[in-house]
Structure formats: structure tokens, C-alpha cells
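Hi,

Here is the structure I said I would pass on.

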Amino acid sequence: MSNKGPYYLTTAIAYASGKPHIGNTYEIVLADAIARYKRLEGYDVFFQTGTDEHGQKIENKAQDAGKAPKAFVDETAAEIKRIWDLMNTSYDKFIRTTDDYHEKQVQKMFKKMYDKGDIYKGEYSGWYCTACESFFTEAQLVDGCCPDCGGPVSLEKEEAYFFKMSKYADRLIDHINKHPEFIQPVSRKNEMMNNFLLPGLQDLCVSRTSFKWGIPVDFDPDHVVYVWLDALTNYITGIGYDAEGEGTERFKKYWPADLHLIGKDIIRFHTIYWPIFLMSLDVPLPKQVFGHPWLLQGSGKMSKSKGNVLYADELVDIFGVDAVRYFVLHEMPFENDGVISWELMVERMNSDLANTLGNLVNRTIAMTNKYFGGAVTSPAAFEASFSEEEKAVDDDLRAVVTGTIGKVAEKMEQLRVADSLTEIFNLFKRCNKYIDETEPWKLAKDEAKQDRLKAVLYNLLEGIYTGTALVAPFMPETAEKIFAQINVTAPEYDDLAKWGKYPDGNKVTDQPEILFARMDIKELAAKVNERHPGTFVDDAAEAEAAAKAEREKKKAEKAAKKAAAKAKAEAAKAAETENAAGEGEDGAKPLIKYDDFDKLQFAVGEILECRKVENSEKLLCSQVKIGGKVVQICSGIQKYYTPEEMVGRKVMVLVNLKPRKMAGLLSEGMLLCAESPDGKLALMSPADPEMPAGSVIC
């Protein structure tokens, strides 16, 4: 494969104040998936991450721990690096802002900006948030607290150096307007333009004197450099920028950065402060800054103070590295916040990983061993003899397998990583459907169908081969295991749209490994409670009792609602008799105002997965794609639709219905149906089948 050129990708450097939780860890996994995919495409990738180690917050934490600041950050930086390595992230450089080269360059840059007249000395009086290392005006505070984190602020007055932000504001606005891809998603760009740039920028305080843990201003050592000026410049110092010279060959090769990947909470620093600093230094701006959403525990942002923190190493110990990587990548929408929970992880583990992927690989290899001693034969020589029906089934599988790379490439170009994973798992689901369509176990009983059986198994292995190559950037260890089991090496990227890559005459392993074991929620509860008592109900028996109590409660609530509805209907009927002008003869509900209707949010959804709910004769549980988000919806339509009939349908969804549990499963919306006079239900679907999922129904 030809080299497509350099690609420089960075994460925000992690603040070295403590152990990163899974929400922090999501960013490095996301960046790693992008870096690995770019390498797969043929780019010469340089992937940088690291730690931000200065500031008043760290000085305070070190003091509380009874340690010198450097000793404190040495420990926390090592812990952060351990977590990054645990998650199998393939960064090329781990920079620390306490590195000598970085500190010296920050001093040089500060002096260069000062000599240029962009930095001047004055006095600052304002509200300071230690947690965010940021100053705010009185008007910017929210209920007297930090507008970013909601934490306390203190009134600070001190001598300080200031940066003339307004000098470059118009130039930055012009750059953003001419480069719409610079800030992504678009909502983040609009926020920066409307809330900060267009109203006018105030000069920025870029030094402090009230604490010492920072990089000293070399020509005025009572001052330390503002932590954000220090931290942001890591993106250029890490690849060899020199404020007094031309920089290293690495800097010349990789700058400007192709992508700064950061959390949405620090978008202002990266899209206003950072580009203005670069303009002052006469350095080109990065090509794109992507502010990803948060991974939430329940409905709130993870924080130690809230007691809702999950850590990557604990999750890995229970689920494994690639399962955790899959979960955080798959569950995070492009623009909206994602949600993590133990229950949802078990659901994904069992449905997507153990069943869709793991079972596909295991039974394909097992059948190949059982029927042909592990040998695989290309059907090229005899597939012309197949029936038209058999050819049609094969052609459809082939189209899905060879077409997936184009879909994934398009999604990855847009940084829609979750959607890319969905496309790859659609390939694996198509392979599973192919097994159901061809029924290899029946073919094996007919001697005249041996060629057909060989073709079916070859086609499955070809699909697995392609899908594994595509899933490798997201789940690298799993891909290596699958390649080993089907006895191949990774194919070239340029061959992924081709059919027939799997080598004729190859042999699969005779001992296939279980890739992902199904997990029981009760066993998980016991394991988690062993470490963190009270996180789940105390034991499996109590869990079962709690589930039973929940079912009984729901049953009682349903009966009460039914009785109330009946009473309401009877009252309405009586009212209708008394006032015939109030409603039509068809029993229509009372007239409502537009404001009532406007509270309801409807959209087109696409059903990606569907299954029957255990211990329920009515419910189907569907995974429904709505725009960049996938929600789970339970519907009492099992009598009218099979799970197979549901998959792929476009449906009408009530999106903003409050989530509730049905038969122990969380339902996050409602599928709308039409009901005939005899009680038959039919799903509401858009008349135009090409209407994309997420389209607003208005």
C-alpha cells in the first residue's frame, strides 16, 4: 500500500491530579481507534498523548498528600500511563509538561509573545476557579459558581501578565468562517462564535503569583506561566517546535496537526486561546478540533464527589480490554452524551460480542472442522452450478461484505466512530443471517450438496476475514485472536472491497477459542459487590427478590393505570352524552392546544436489532437507531411481528418519552402503531423508505 502521507493526532493531555475514570479513559481509546484506522488506511501516523502537571490545584493536592508537587505528579502520571497502556493504546509519544524540553520552550514562547507586544504586565482582580484553572467575570458566574464545573470560585487580586486576545479575534473569526471543518461538531463552533468571539474577547491573564507550582517566567521569576498556555503548547513542543529556530524534522513533517481530540468542556481553550497563541507565534493552526461528548454514569457526569465513578482497570478485570473498548466506542454518539451502566455492558457483552461476533466465529470454525477436517475450499471452480436462489443469497452476502469498507471509511472520515462499529457489526449480523439462510447442517446430510457446503463455509470465512480486518482498529486483541483461529494475517486495506481474499486450501484451527463468554447479571452483581459493597443489591438471591418486587410493583401500577383509564373513559363518555358538541361521534379525545402537541418529539427510527424478551409473551426488545444515537425500546407487539421482520424497518418513534423498565429491561421510547377496530396492530412507517433514521416528524 502506498503511503498516504503524515497524520498527526493528539488527545488533550490528562490532568495529573489523580487516577482517570472511564469517562477520561474514553478519549484515549477513541483517539487510538482513529489512529489505528488511519494506519490501516496507509497514513504515517504520529499519535501523542500525555499529562498536564502544573497549576494551583495540583499544588494543593500535593500538599494535602504530604508530598512535593514533583513527587506527586510523578506518581499520578505513572498511573495515567498505566491505564493508557492497559487499554492497549498505540500512542507514539507520552509527553509530560514537567519535561525539561517542554518547560524551556514554554519560557521561550512566553518571552517571544512579550517581545512582540502581545503580552503586557498589569493587575488582575476577578473570580478564579481552582478546579478549572480559569478566571471569570462576575457576569460569567452561574449562581455565584464556576460556569464550567459548577464549583466554588474565589475573588483573586494579584499582579499578572495579560495576553491581548482582541488583537487576533477578527483574524480567528475569519479563519473559522473560511474553514467550517476547523471546529467539530458544528454545535461547538456555533457555541464558540456566539458566546465568546462575536460578543468580543477580553484580554487573558497568562501568569500567576499566588502559587509557585508552574513554569517560571524567566525574566520575572515571581510569576509562573498560566497553566493553559503551558498545557496547550505541548502539541508543538512534543514534536520538536523551537521558539528560537525552525524546529525538528518531526515538527516540519507533522505540523499542523490533523486532529486535536478533546472533551467538549475544554473546547473554548482549544478553539479560541490555542489558535490565538499560535497566531502570535506565527505558527499555522491545526486542521481540526473535535470536541467529543461525555460518557455519563446514569444521567450525570462522572465525578469522585458524586460517588459515581467507574475505573477502566476494574471494568477490564471483569469484561476484558476489548469488551470495554467496544462498549465505550459503541455507546458514545457523535454529538450527544453517552451513558455507561453495568446492566448495559452485560447486555452488549451477551448480544453483540458473545452472540453476534463470538458465536459466528466459533460455529463457523467448528463446522469447517466437523465437515471438512478444517480445510477450506474456494468455490470459484464450481459455483456456476449453483441454483439461481443459491447464487442470489451468495451475491447478497458478497455485496454486504465488500460494501462495508466504503461505509466505514465514510463514517470514519466524519469521526462517527460509533456508526463505523455499527456498520462492521452489521456485516457480522449478515453472516449470521447467511447461516440461517443456507442451513449448513442440512447440506452436510446430502452427499450431492458437498460443493454447496464448501462454498457456504468459504463465504462465511471470507466475511469474517473482512470484518475482522475492519474491527481491528477498535478491538485489536480480538482481531489478532480471530486471524490466528482462521489462520491468516491481516489483509491489505486496498483489498477489503474485493471478494476472494481468503486463501484456497487454507486450514482453520482445530481448537477454536471462545472469544467472549456470556455473562449473568447476578454473577456480575456478586463480583462487583465483593469489591464495592452496596453497588449492586447484596447477592443474587436479593437481586432476584428485587427483580420480582419490581415486577409486582409494575403489575400493580399497570392495574391501577388500567382502572384509572377505565374510569376516565367512563367519565368522558358521560361528558360526551351531556355535551355532544364537545367531541365527534368517533370517540375522539378532547381538543388540545398546540403547546401540548409541541411537547412531543417524534422521529424516524431504524431497527438494528430485535429479540423476544424472556418470560414475556408480548414484548419485543429493539435497538433503534435515531440519528447518531441507538436507543432500546420495548414494545408489546410480539403477537404481530417476529424479531426477523423487525430488523431493518423504518418506524415512527416517540423520542422524548421518559425511560421506564419493562420486564426488567430499560425502554427509552415508544414505537407508534395503528390499531384496527378488531385490535390488530401495525407499525407506523414513513411512506418514503429512503427517509434517514433521525429525521424529525413534524
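**Rings, a central strand and a bent helix**

Phe-269 and Tyr-273 sit four residues apart in helix H10 (residues 267–281), which is about one turn of the helix. Bear in mind as you read that this is a predicted model. Both Phe-269 and Tyr-273 are buried.

H10 also belongs to a right-handed β-α-β unit, together with E12 and E13. Strand E12 (residues 259–263) is worth a look: five of its five residues are buried, so the rest of the structure largely encloses it. In a regular strand, side chains alternate between the two faces of the sheet. Here both faces are covered, with Leu-259, Leu-261 and Gly-263 buried on one side and His-260 and Ile-262 buried on the other.

What does E12 pair with? Strand E1 (residues 6–11) runs parallel to E12 and is joined to it by three bridges, with Thr-11 opposite Leu-261. E12 also pairs in the parallel sense with strand E13 (residues 289–292), over four bridges. There, Ile-262 has Gly-291 in E13 as its bridge partner.

Now the rest of the aromatics. I get 29 aromatic pairs in the structure. One of them is Tyr-120 with Phe-162, which is stacked, at 5.7 Å centre to centre and 20 degrees between the planes. Tyr-120 comes from strand E5 (residues 119–129) and Phe-162 from strand E7 (residues 154–163), so this pair ties together parts that are 42 residues apart in sequence. Tyr-120 is partly exposed, at 29% relative accessible area, while Phe-162 counts as buried at 7%.

- Lys-264 lies over the face of Trp-294, 4.6 Å from the ring centre.
- Arg-452 has its charged end over the ring of Phe-386, 4.9 Å from the centre.

Last, a helix to look at. Where does helix H13 (residues 342–372) bend? The bend is at Gly-358, by about 40 degrees. Another glycine, Gly-373, follows H13 and has a positive phi, near 60 degrees.

Cheers

Key: Residues numbered from 1 in each chain as written. Predicted model: local features only at pLDDT ≥ 70, side-chain atom pairs only at ≥ 80, totals over all residues. Heavy atoms only, no water. Bend = angle between axes of the 7 residues up to and from the residue. Helix = DSSP H or I, 4+ residues; strand = E, 2+ residues; numbered from the N terminus. Phe/Tyr/Trp six-rings, centres within 6.5 Å; stacked < 30°, edge-to-face > 60°. Buried < 20%, exposed > 50% of the residue type's maximum accessible area, 1.4 Å probe, protein only. Lys NZ or Arg CZ within 6 Å of the ring centre and 35° of its normal. Pairing = 2+ DSSP bridges. Right-handed = clockwise from strand over helix to strand, strands pointing away.
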